[in-house]
Amino acid sequence: MSKGLYLYPKWIRFWHITNAVLFLILIVTGISLQFSGLDEPFVLVSFKSAVSWHNTAAFILVLNYVLFIIGNQVTGNIKHYRSNSTTYIQDLIRQANYYRRDMFRGEPHPFPVTEESKFNPLQRFSYLLAMYAGMPLLIISGILLFYPGMLPREIFGVSGLLIIDLVHDATGFLLSIFMVIHIYTCTLGSKPTTLFKSMVDGYHHDDH
Amino acid sequence: MKTLKNRGLILLALLAGCLFNIQLFGIAPDDSLVVRWKDINVFYEDNEKCLICHGEAYYTLSDTVAGVSQIRNMFQDYFVNREDYYDGVHKSFSCTDCHSSDFISFPHDVASRLEPRYTCIDCHGYDENYAHLNFEEIEVEYSNSTHAKVENFSCWKCHDPHSYKLIASEVTDVGELVLYDNNMCLSCHANFTEFRLLTDREEINVVSKHEWLPNQVLHFESVRCIECHTQISDSILVAHMVLPKDKAVKNCTECHSTDSRLMSTLYKFESREKRQNGFFNSIILNRSYVIGASRNMYLGYISFLIFFGVLTVIGIHVFFRVIKAKRK
């Protein structure tokens, strides 16, 4: 019996699991910093520990992101993030309708996974946004917060630190929401665990 | 009357043909400044009789009998910068308002040099003109502070009466206040020459002692030493009870929380003056941003709504998936 399509080589799986673990650390420590002074469940880590863990995890996350960008370019994996479709918006709506309605009617997946196209339109759109807009914004704002001396004291009469911190918090929050939705949609395979298995052995096991 | 007498004595001493003749050896102040200072202080000319030496970095000391003269440095502790003096809170004073008139003789006699000095409370205490500054409480806090245990320590070690300005209630730039206040502490705590005049303790390396602080430079630029090294006071604007080092604040959340102690210390005056909504501790935002203290509650509510909204949608989706699975 065939194992299925080999879509996730080792480097992608390494990057993905590292990214996931680091993101969880950053979420927990980030919330602990933002809500410092409050009790559990907001503050799981002491402020001092949260600062160290957040900074260390962020540093590794930046390296991991560089690996992702280089890997995507070198291996050609970036093609899965691009779309040449002339019906881009319609494709997004069609995929959304599948999740919203058609999958409950037992209709087939509108964009079956192939070696050439492993992401459906919604995945392609959200992954592109998260990895090529959200992550750079998160990283740049994080670096500026780490080196606050690089920031102007005021931007339009408001503290430069405040503006950058709001950008960092908002981006971090939206990426966290993305992660929640991402994890949930990964349970939408033929079995709830099928797609997670793909990220372990690299093979796409579903028939769509 | 006393002032007139003092001025007469000074003049007499200068004209007495004393053995020592001291000559000005510096740059003459700008004429416009002199005009301004004369407007500020009616004793300007009298004060010049002291500042002719004490207002200069160098002076020439001459023995007119022996015909010997030498250029000498004015010892820094006895140097009074005219610009700072006429810009400070005591700008209208005559030197002899606080110092003995015996200083008219030169060389100054030892008894004059060892005269007891006034402290703040001597002039400002129990005076309704200064009631808002509550010098009585400042005195109580100071006497309970670790500084009061140091021999020969006095108000003047931190507050030079020849240049002191009211900063905490008057500056609009918090950074200026932080710099001014921290320089007071660092003038001893980062200057071992000054420090050892008061104590036998070994030299303190302020930077290495505070290595545990993340973003140390930013902390030093943004908050005063006294934020962590004094006990919060409700009755005075600037706390004066300096604590022993083992009682200094080391818990980050004392400042990095919505209940930030900065609102009772650094931003105390501003927080009394203005209150804004939306941001917790919004006054801090005028200059800086303190993680954990400057949270915006509206953004917090929106975040919770979005997060629970997403969870609700996922919950509904799961519900229909379960229904579908049961129908199979």
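Trainee: What makes E254(B) and R261(B) a salt bridge?

Mentor: Their side chains meet at 3.5 Å, N to O. The term asks for a side-chain nitrogen of Lys or Arg within 4 Å of a carboxyl oxygen of Asp or Glu. The value of 3.5 Å is within 4 Å, so the pair qualifies. Keep in mind that this is a predicted model: local features need pLDDT of at least 70, side-chain atom pairs count only at pLDDT 80 or more, and totals for chains, interfaces and linings use all residues, while side-chain values use heavy atoms, with hydrogens and water left out. Residues are numbered from 1 along each chain as its sequence is written, and chains are lettered from A and ligands numbered from 1 in the order in which they are written.

Trainee: Why is R261(B) called buried, and why is E254(B) called partly exposed?

Mentor: Check the relative accessible area (1.4 Å probe, protein chains only): buried is under 20%, exposed over 50%, partly exposed in between. R261(B) has 9%, so it is buried. E254(B) has 32%, so it is partly exposed.

Trainee: How do you know that R82(B) and E56(B) form a salt bridge?

Mentor: Their N and O atoms are 2.9 Å apart. That is within the cut-off, so the name holds.

Trainee: Which parts of chain B does this pair tie together?

Mentor: R82(B) is in helix α4 (residues 82–85), and E56(B) is in the loop between α3 (44–54) and β2 (58–63), so the pair ties together parts 26 residues apart in sequence. Helices (H or I, at least four residues) and strands (E, at least two) are DSSP runs, numbered from the N terminus.

Trainee: Are these two residues buried or exposed?

Mentor: R82(B) has 8% relative accessible area, so it is buried. E56(B) has 5% and is buried. A network of salt bridges links E48(B), E56(B) and R82(B).

Trainee: What makes D102(A) and R101(A) a salt bridge?

Mentor: The closest N and O atoms lie 2.9 Å apart. D102(A) is buried at 11%. R101(A) is partly exposed at 31%. Over all chains, the search finds 10 salt bridges.

Trainee: Which elements of chain B touch chain A?

Mentor: α12 (216–222) and α15 (297–327) of chain B each give two or more residues to that side. α15(B) gives the largest share, 13 residues. By class, the side has 17 nonpolar, 10 polar and five charged residues.

Trainee: How do you know the size of this interface?

Mentor: An interface's size is often given as the accessible area lost when the parts come together. Here about 2900 Å² is buried between chain B and chain A, with 69% from carbon and sulfur atoms. In contact terms (heavy atoms within 4.5 Å), 32 residues of chain B meet 32 residues of chain A.

Trainee: Which residues have the most contacts inside the largest nonpolar core?

Mentor: They are F23(A), L61(A), Y65(A), F68(A), M131(A), M135(A) and L175(A), in a core of 18 residues. Two or more residues come from each of α1 (10–34), α2 (47–75), α4 (121–146) and α5 (160–185) of chain A. α4(A) gives the most, six residues.

Trainee: What does M131(A) touch?

Mentor: W15(A), Y65(A), F68(A) and P136(A), not counting residues up to four places away in sequence. Another core, of 12 residues, lies apart from the largest one; I167(B), L177(B), M263(B) and L266(B) are among its members.

Note on methods
Buried area = accessible area lost by both parts, 1.4 Å probe. Nonpolar A, V, L, I, M, F, W, Y, C, P; charged D, E, K, R; others polar. Core = buried A, V, L, I, M, F, W, Y, C linked by side-chain atoms within 4.5 Å.
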